[in-house]
Amino acid sequence: MMMMRTTLIIWLCLLEPLCLVNFTITINAATSHCLGHQHSLLLHLKNSLVYNQTQSKKLIHWNHVHDCCHWNGVSCYKGHVVDLDLSQESIVGGNFSSLFHMQYLQSLNLAYNEFHFEIYSEFKNLKNLRYLNLSNAGFMGQIPTEISYLIKLETLDLSTTITSSSKHGLKLEKPNMVEFVQNFTRMKELYLDGVAISAKGEDWCHAVSSLQSLQVLSMSSCNLSGPLDSSLTKLQSLSILQLDHNNLASPIPEYLGNLSNLTTLQLRSCGLSGVFPKNIFQISSLHVLDVSDNQGLHGSLSNFLHQRSLHYLNLSRTNFSGPLPQTINKLRQLSTLDLSNCQFNETISNSLSDLAELVYLDLSFNNLTGPLPSFNRSKALRILYLNHNYLKGTLSPTHFEGLIDLVSINLEVNSLDGRLPSSLFTLPSLQLLFLADNRFDGQLEEFPNGSSSSLEMLDLSENNFEGRVPLSIFQLKSLSLLQLSTNKFNGTIQLSVVQRLQNLATLDLSNNNLLIVDDNDLPFPKLINLWLASCKLTVFPAFLINQSSLLFLDLSNNQIEGTIPNWIWRLEILCFLNLSNNFLTDMEGPFQNLSSILFYLDLHGNQLQGPAPIFTKNIVHLDYSNNRFSSITPSDIGNSIPDSVDIFFSNNNFYVKIDESICNISTLRMLDLSYNGFIGNIPECLTTRKSSSLKLLNLAGNKLNGHISDTLFSTSCSLRFIDLNGNLLNGGLPKSLANCQNLQVLNVGNNQLMDEFPCFLKNISSLSVMVLRSNKFYGQIGCSNVIGDWEKLQIVDVADNKFSGMLPTTLFQTWKELMSDDEDKDKSRFGHLSFNFYDININYSVNLDAITTIFSKSSKMKLAKLVTVEPLYVLDHLFSHVYAEAYSLRRYEDSVTIVIKGQQMKLEKILIAFTSLDFSSNQFEGPIPEEIMSFKALHALNLSHNAFSGHIPSTLGNLRNLESLDLSMNSLRGEIPTELASLSFLAIMNLSYNHLVGRIPTGTQIQSFGANSFVGNEALCGPPLTQGCGGEEQGLLPTSSKTTNSHGSSSVNWSLLSVELGFTFGFGIFMMPLILWKKWRLWYSKKVEEALYKIVPQLDFVYERRGGKRYRSLRWKPY
């Protein structure tokens, strides 16, 4: 099936005339008989060679009966053999002595055999050779010097598909490139692809530039270095230049545009950089231009005025940008245009439709906007990929009208909307239709002649389609892939309807409002991939028992209860299983001697209990989180699943030490053991490996204790996320933490750590979240002598420690992320703070090869063998679906717990735009730094329970995005600035227990807060307080209280008086020293305050300065 994004056929068609050049050496077939000694030499050669006779199409027919000049692969001139073609004869060895006695040979082709030994030096005897082809013949080792003695050679092909890095390939060291080509004065075509040459740019360029007659130079994958040298301009006859897959690592020089006869220029994946010279586009003879896979290469498309011969243009995976020129329609001969994975923007020109010869168009993964142009004039169009852009508007029936050859349409991940025209389903040649992740809506209409449609792959997932799924879809007899997930489809789908699609291999009905009914007793299609998440299933569908070909199975987010049946572990090639978020309670064994090959197992969010079984060594992704497991069987998890990439065991009931065997998993990237009862120390071996791949370490909410070892974080630390919150860790923060140069989130809150402020982390510029709250950190937080900044910091929480002193203004001056206003930030900021799990560029397409780069070698080989049941392009689509959508494996979204209004709030996903500063419950003093008022992006600010003094800065009104403000329990003075009334987003404010005075400003926001936000400020007045301003009364409570005067008996009760006197005397003995001795008085006051602080939770310490001295006092908390 022709769906792969390869242009091989087009490429071969373009090069067909060039291929014929190899055989333009005119060898006139002789009318005379083959000479006897030539006949003998050929028969001797045949009998001396070792070859596979069942695959031979030439040698096997050589015999004594026929004239040797008429044998397959043999051409003669005057009875002498001048042309010998033994290509593709499966020759593995033998005696070649007869070959080297054929002195009249002019053309020899031994390509595509299986020799597996070095090239014979005896080739030098064939002095009349003009054409020698040893490509892909299995030759290996050093190319002999003797080849360079063949001075009449016009074509030499030593190319191989084996890469130059392979030890089984050919190499050119002695002789080197210069020595090897110096005698080839007649050379026209030189093919050395895959030969290990390892030459510098100047050396190999000078060597080949001496070949003045050269027309074809093909040296792909030769380990060549750059830069390209200007000596190449001597090759004015050069027609084809192919240097793909070398490490040129340099710009493309403009002088290549001076090669006026150039028809093919291929520089794919060469590490090219800089700006692409526009004069190359103007070479009038150019047919093929391919500079793809050079991500450092920039440029734009110029106006095409004189370039009319271009057939093939591939700029994919570069940084070309700008608009597509209107003059692109001047490329009348263009059949392939691949501009995918670039930075092209603006709208797609309607002139594209004028390209009548266009067969393949790929503009995917760009920033193209506007409506989709009509392609109804591009009658030859077969492949159309415009996915992953920002296209808007609707699809009309005329967009693809008359395109009878159109095979593939991919428009997924855009913003197209409206109803989908049913005519799309009736295009006669259409085999692939991908429209996922758009905004299409409405009900899908029934369409005619579904049974005669050619459609094989249909993906309408992640749109807003509603109503019932049209029955016409289930009449598409050729359908092999059907994805309708994440829409608003409703109603009931009976599996007997799906049974009609006998070619169906992939079915995805997840995340709709569908009820799936298993009413089918007939044989079901042999599915390979099945997604039925959120389909209201209550039991495992019965037909699954016989689905031995399943590769993917997702039954998550249903209401399946009870036991996971044992047969599910015995599905022969099941690699990916997701049963998360059901009501499953246990797993049916036994688990011994299972041949399970599961790579991905997700059982999170169930009620599974008892031992958590580890029963397959192939596991790459394992998620047992949010269950009730109490132990792991076997306990040496690292030896049981040695190739795991991510392990999630959070929110279970594990009360053991972390088994150190987990350190044996060299591929581990994500480890989440949070919110269990793990005890003991953090295993040092987790991150001290020389080549640590670990990116996430979440051990929060356990009972881990002891010091964090200073050797825990190695120099190769790759961690992005560290959460040790809520344990019993003590000591200081390890200085080795500074080795984690890509760290984004650090959370060590709620432990017993005692250390100074971690200024040594300032060299980590990527740090976005730092939580140190509820520890015993002390001292000042200034970092004046430390180089570095935290320009990406957005959440800082140092609350409830023992920090003191004034907040340093210089520290805040580099926190640029907090300074930029939300209005200045692009839409990407409304995503969530996350890190790239796979370390691949998220702007580029995701495929199987990219995803498995993080797998171990053995896992990659096993998976590659299993997934051969599906074509590669289908696998790329499915893995992209799993990777980016279904399981969110592309990025891990960070989480953190913050405190707002005294209440803990866990941000499961941290918005990139969310910002928060919490310095509360410390011993900070002095004025509130003016620099904080420049944090325009700030959403939450908490400076409460400190000893801040001075006025509330009026510039607080600059913080337009502020939603929560707490300045309570300080010593702030003066009036409340009226600018606070302009903070329209402010939802939480607390200014209580300060020394504020004057009238509370009137304003929409401030008047919405209750009196509790202002209490404890004796001189503050006005609503919502009851205290009026300037003699005003604000609903004061009545003060009438009558004094009761008793005129009863005046007799004295002496026994009571004696008790009172005794108590007074004893109390006086205790109180007099407190009154007279200051030191004793202060000691007693301190002890009483500490006792009250521990007994009464509503009390808290407040620090304030009076007369240049710092005092501590107890006050009621405002909440």
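**Exercise 1. Sort the residues lining the second largest cavity of this predicted model into nonpolar, polar and charged.**

Step 1. List the lining: Leu134, Asn136, Ala137, Gly138, Phe139, Ser159, Thr160, Ile162, Gly169 and Leu170.

Step 2. Assign the classes, with Gly counted as polar. The lining divides into 5 nonpolar, 5 polar and no charged residues.

Step 3. The structure has 5 cavities of 30 Å³ or more.

**Exercise 2. Classify the ring pair of Phe425 and Phe447, and state which parts of the chain the pair ties together.**

Step 1. A pair of aromatic rings is described by the distance of the centres and the angle of the planes. The structure holds 41 aromatic pairs.

Step 2. For Phe425 and Phe447 the centres are 4.6 Å apart and the planes stand at 5 degrees, so the pair is stacked. The cut-off for stacking is under 30 degrees.

Step 3. Locate the residues. Phe425 lies in the loop between strands E26 (415-418) and E27 (432-434), and Phe447 in the loop between strands E28 (439-443) and E29 (457-459), so the pair ties together parts that are 22 residues apart in sequence.

Step 4. Check burial, for which the limit is under 20% relative accessible area. Phe425, at 5% relative accessibility, counts as buried; Phe447, at 4%, is buried too.

**Exercise 3. Identify the buried residues of helix H4 and elements that cover them.**

Step 1. Helix H4 spans residues 201-209, and its buried residues are Gly201, Trp204, Cys205, Ala207, Val208 and Ser209.

Step 2. The cover over these buried residues includes helix H3 (177-181) and strand E11 (216-218).

Key: Residues are numbered from 1 along each chain as its sequence is written. This is a predicted model: local features need pLDDT of at least 70, side-chain atom pairs count only at pLDDT 80 or more; totals for chains, interfaces and linings use all residues. Side-chain values use heavy atoms; hydrogens and water are left out. Buried means under 20% relative accessible area, exposed over 50%, partly exposed in between (1.4 Å probe, protein chains only). Helices (H or I, at least four residues) and strands (E, at least two) are DSSP runs, numbered from the N terminus. Contact means heavy atoms within 4.5 Å. On a 1 Å grid over the protein atoms alone, a cavity is a set of points where a 1.4 Å probe fits but cannot get out, and a pocket is an open set with protein on both sides within 12 Å along at least five of seven lines; lining residues have an atom within 4 Å of a point. Grid points are joined across faces, edges and corners, and a volume is the space filled by probe spheres set on the points. Rings of Phe, Tyr and Trp (its six-membered ring) pair if their centres lie within 6.5 Å; planes under 30 degrees apart count as stacked, over 60 as edge-to-face and the rest as tilted.
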